[in-house]
Amino acid sequence: MRKTNSNLLVGLIMVMACGLAGFGFSADAQTRKVKANFAPDTAAQQPLFAEYRGIHLGMTASETRAKLGAPMLKADDGDFYSFSETETLQLVYDVDHKVSTISVDYMGGVGAPDYKAVVVGELEPTVNGGLYRMMRYESQGFWVSYHRSAGPVLVVTITIQKMP
């Protein structure tokens, strides 16, 4: 039983790593395309999605671990959590060990919030057949994106990231 769980975990981590790597390339291209479609934000514009499970940008690694418990994978620059077979979280920490990126993956889309609860407007098709939308909150110093992959393994990824 332990070996099966270990194999499942290794397989899940490999799928997630491949998905994140592929998403990173497509998100970069989409960011350039979508960025031109955004008007500057206004003071009245409030993000629909700014935290996940009580974790928000700027929290320390110690604070996130106290709130979420011990991560599955722990490092100085980030943590990885698996809450179920379909929901994972990756946190990235900056040099001060504060959260700079929150990225949540929902395998099969199971448990993912509707995109309208995350971003304003309609999702746009990506070159690889997925759907994507990013909202930039310049005045608050971060962006939020919603990505729904295409292909045999559907993954919904919601990312909140601090702007440089």
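Eight strands form an open sheet in the order β3-β4-β5-β6-β10-β9-β8-β7, with antiparallel pairing. The edges are β3 (73-75) and β7 (124-125); each has a single partner strand, so one side of each is left without a neighbour in the sheet. The model is predicted. Strands of a sheet pair through backbone hydrogen bonds, either parallel or antiparallel.

**Strand β5 and its hairpins**
- Five of the seven residues of β5 are buried, so this strand is mostly covered under the cut-off of under 20% relative accessible area.
- β4 and β5 run antiparallel and are joined by five bridges; four residues lie between them in a hairpin.
- The bridge partner of D79 is L91 in β5.
- β5 also pairs with β6 in the antiparallel sense, over seven bridges.
- Y93 stands opposite V99 in β6.
- The hairpin of β5 and β6 has five residues between the strands, and H97 in the turn has a positive phi of about 60 degrees.

**Strands β6 and β10**
- β6 (residues 99-107) and β10 (residues 155-162) run antiparallel and are joined by seven bridges.
- I102 stands opposite I160 in β10.

**Helix α2 on the sheet**
- Helix α2 (residues 61-68) lies across β3, β4 (78-82), β5 (87-93) and β6.
- The helix runs at about 160 degrees to β5.

**Residue E51**
- E51 is in strand β1 (residues 51-52) and is partly exposed, with a relative accessible area of 43%.
- Not counting residues up to four places away in sequence, E51 touches H56 and I160.
- E51 and V144 are 93 residues apart in sequence, and their C-alpha atoms are 10.0 Å apart in space.

Terms used. Residues numbered from 1 in each chain as written. Predicted model: local features only at pLDDT ≥ 70, side-chain atom pairs only at ≥ 80, totals over all residues. Heavy atoms only, no water. Pairing = 2+ DSSP bridges. Helix = DSSP H or I, 4+ residues; strand = E, 2+ residues; numbered from the N terminus. Contact = heavy atoms within 4.5 Å. Axes fitted to C-alpha atoms, helices over the stretch in contact; angles between N-to-C directions. Buried < 20%, exposed > 50% of the residue type's maximum accessible area, 1.4 Å probe, protein only.
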